[in-house]
Amino acid sequence: MSELITYRLDEIADVIDCEHKTAPKVDSSEYYSIRTPDIKNGRLLYEQANRVSAETYELWTKRGIPEAGDIILAREAPVGEVGWIDKDYKICLGQRTVLIKIRSSQIEKKYLLYSFVSPKFKDYLNELSGGSVVAHLNMKDIRALEFSFPPLPEQKAIASVLSSLDDKIDLLHRQNKTLEAMAETLFRQWFIEEAKEDWGEVKLGDLCDIITKGTTPKQFTESGVNFIKAESLTDTGSFIRSKFASVSNEIHEGVLKRSILKIDDVLFSIAGTIGRVAKVTEDILPANTNQALAILRPNRGVNSDLIYCILKSVHFQELADGKIVHAVQPNLSLGEISNTCIRLPSESVLKAFTNQVSTYFDKKHANTKQIQTLENLRDTLLPKLMSGEVRVQYQTEEVA
């Protein structure tokens, strides 16, 4: 890497603290509140972010309006995570976040983003935030953070390589969201809008070999068998691998034997955030789960994509919503799921539906595997590019 120049963060950017209170959320609006759980590895998880009213947005952006090209930093829980504002969404900061607006013409904005994302810098932030019950970065330390930059053309070249991978990953995520919507639309059309009076009624439990759930072990491990929680599922039927825990194989095959997951099991969140659905694929196995996720294992001959679509449908979600018990946290019993009645057509119609909808899920699964490959490549390249171990070709910009 070329000769580096070092700057403090507050020399190259405006660093704006968040409101120190929770933004009141609404069910639906065009305004997003980005909280620390919505920030991950350089991305903002808009699909899970809370929405707020126009009035709240105005109040929460008085110190600075987040814009495309800005960076949002999490001060704690998890400390040091950053996300890139890639669109002109109307965003306000949630608690424990910081807005970074880069103002230096000598800094490639995405190079700074990847500087934050690099493992070496994340380790430094974790050390800086230690020494308390909850790891926390204070504003004084954030403003004093130092970054070393190569010449601007080299910054741009490195950022371009990493951005091309991230852009492809984002494209595949968008495709998966579209495929998910297509499957939901197809189910609604066939099973709700065009349902026939002579269709038979069947309990969901009759379509499954088992409907069960897991339990929380007394001990987790640094690595081992994947342990999936409700927070490991997205609203669009995908897994967030970074939110998997791990258990030992001994626990997996011992006290958690009842909840060992198999290919084509369908998971449905029944505690806390209710109604998230995901289908188990071979690439996450071996895996287990806890009591917040119901496991539905389809009968032989019953397509798991059909079970997935039933659980994901607005019709089923509304039925489930009416049966939720509001205790310490909302929860839905396995019995209520099993006893929910579904009207189904003849086997020939079911087969025609599953043949069509399975093409969507096969494509979605292929995309997910490609996303994992690209993320692994990016995570391997990033520290090597940022350290200069791997070099990129670039042209020196001419001075007018």
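Which residues does serine 223 touch, not counting residues up to four places away in sequence? Serine 223 touches Ser246 and Val247, where a contact means heavy atoms within 4.5 Å. This is a predicted model, in which local features need pLDDT of at least 70 and side-chain atom pairs count only at pLDDT 80 or more, while totals for chains, interfaces and linings use all residues. Residues are numbered from 1 along each chain as its sequence is written, and side-chain values use heavy atoms, with hydrogens and water left out.

**Overall build**

- The secondary structure of the protein comes to 11 helices and 22 strands, which are DSSP runs numbered from the N terminus (helices are H or I with at least four residues, strands are E with at least two).
- Buried residues make up 48% of the 400 residues, where buried means under 20% relative accessible area, exposed means over 50% and partly exposed lies in between (1.4 Å probe, protein chains only).

**Serine 223**

- Serine 223 has its place in the loop between β13 (208–213) and β14 (225–228), and with a relative accessible area of 55% this serine is exposed.
- The C-alpha atoms of serine 223 and tyrosine 31 are separated by 38 Å, and the two residues are 192 residues apart along the chain.

**Strand β3 and its partners**

- With strand β6 (residues 50–52), β3 pairs in the antiparallel sense over three bridges, pairing being assigned if DSSP finds at least two bridges between two strands; here tyrosine 31 stands opposite valine 52.
- With strand β9 (residues 90–93), β3 pairs in the parallel sense over four bridges, and tyrosine 32 stands opposite isoleucine 91.

**Helices α3 and α6**

- Helix α3 (residues 109–117) and helix α6 (residues 152–193) pack at an angle of about 70°, with their axes 8 Å apart; axes are lines fitted to C-alpha atoms, for helices over the stretch in contact, and angles run from 0 to 180 degrees between N-to-C directions.
- That angle makes α3 roughly perpendicular to α6, a description that covers 65 to 115 degrees.
- The contact is made by Lys110, Tyr111 and Tyr114 of α3 together with residues of α6, including Gln155, Ile158 and Asp166.

Definitions and conventions:
Angles under 35 degrees count as roughly parallel, over 145 as roughly antiparallel, 65 to 115 as roughly perpendicular and the rest as oblique.
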